[in-house]
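Open the model in your viewer and keep the selection tool at hand. The stops below go from a pocket to a helix and then to a single residue.

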Amino acid sequence: MDLFQLREQFSKDGIMMCFNGPFSHSIIEEMGTAIKNHLANENIARVAVQDVFAAYIEMTQNARNYLTRREIPTGDTGSATIMIAKKDDVYVVTSGNVVLREDIAELTSRVDGINALDPDSLKKEIRRQLRSELQPGALGAGIGLMEMAKRSGSGLEYSIRDIDDRFSFFTLRVQIPQV
Amino acid sequence: MRTLDIVQSQSTPQIRYDHQEHVLRISGESYPENSFEFYAPVTAWVKEHLAEENRLRLDIDVSYMNSSSTKCMLDLLDILEEAHQKGGAIDIIWRYDKDNPRSLDLAEEFKEEVSCTFSIVTLDQSR
């Protein structure tokens, strides 16, 4: 692995931060704080800092909760990748993790459904979900994806790459304008 | 008298009840590892408190809440609203920095969910 080449790739793509590995809650906290401090030093509106941070939190917690809930084995499969980049005046927050192939249809129809909502319907759907009963043992409220879509205003992008018969790699991307 | 005193951490707010002023203060940021576990004792405390002493002021100064914390906060507001409906002296104050419009949006959404006094206070100071 040529570190110089990696570094060149990072600067070419405007990557500010990238993490790959098992995500513990304390890593989520530490990286989150680093991201906030870093963004606070850039001369941008605080709302953009908050939105990038929020996308980062929802993505990492979603990935961690999914990997836990579905008991994805630790090691390579149990880890997640998160990246924050800046292209022109837009921040791009991307996360990737292994998903069971059997979960893909539900996951993509959920994201597609969210993308089909206009801002008003999105707000209503968030409220409806906030008001609905949780499944026993739920780790999240089921509104993280919608929350990201709301803050981004430009929808959720995703891609899927098959790994083997059992697993695929799911990548999720949101854009946050600098304002 | 019941006490409630949860120390602030990087991802969890400080939550403390002030006996003298009958105020429950929540301040900091909220994105716990498991929001439901984190807020369960708070919800339980509020229920017990209201059963004994039918009054409470909730003073919130939280700059960021993740989505599951939002759900927990709404559950808390529902409990206060129920007490208010039964004649309890309930009021809620939500403080937010003027350069943090997301916090104002959230406050306004929460305000729509209750009929008790809900004041939104702007803090004009960068922190």
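**Stop one: the pocket**

Select helix 3 of chain A, which contributes eight residues to the lining of the largest pocket, the most of any element. The model is a predicted one. To find the middle of the pocket, select N62(A), Y66(A), R69(A), R110(A) and G142(A), the nearest to its centre among 36 lining residues. The space inside comes to about 1,000 Å³.

Next, colour the elements that each supply at least two lining residues: helix 3 (46–69), strand 3 (90–100), helix 4 (104–115), helix 6 (144–152) and strand 5 (167–177) of chain A, plus helix 2 of chain B. Colouring the lining by class gives 14 nonpolar, 14 polar and eight charged residues.

**Stop two: a helix in chain B**

Move to residues 101–113 of chain B, which form helix 3; its 13 residues reach 19 Å from first C-alpha to last, close to the 18 Å expected. Which of its residues are buried? Select S103(B), L106(B), A107(B), F110(B) and E113(B). These lie on the same side of helix 3 of chain B, because they cover an arc of only 110° around the axis. Now show what covers them, including helix 5 (119–131) of chain A and, from chain B, strand 4 (55–65), helix 2 (67–85), strand 5 (89–97) and strand 6 (117–123).

**Stop three: one glycine**

Return to chain A and select G32(A), in helix 2 (residues 25–41). Is G32(A) buried or exposed? G32(A) is buried, with a relative accessible area of 0%. Beyond its neighbours within four places in sequence, G32(A) contacts I27(A), F53(A) and Y56(A). Finally, draw a distance from the C-alpha of G32(A) to that of T60(A), 28 residues apart along the chain: the separation is 9.9 Å.

Conventions:
Residues numbered from 1 in each chain as written. Chains lettered and ligands numbered in written order. Predicted model: local features only at pLDDT ≥ 70, side-chain atom pairs only at ≥ 80, totals over all residues. Heavy atoms only, no water. Helix = DSSP H or I, 4+ residues; strand = E, 2+ residues; numbered from the N terminus. Expected span 1.5 Å × (residues − 1). Buried < 20%, exposed > 50% of the residue type's maximum accessible area, 1.4 Å probe, protein only. Arc of directions from axis to C-beta. Contact = heavy atoms within 4.5 Å. 1 Å grid on protein atoms, 1.4 Å probe; cavity = no way out; pocket = protein on both sides within 12 Å on 5 of 7 lines; lining within 4 Å. Points joined across faces, edges and corners; volume = space filled by probe spheres on them. Nonpolar A, V, L, I, M, F, W, Y, C, P; charged D, E, K, R; others polar.
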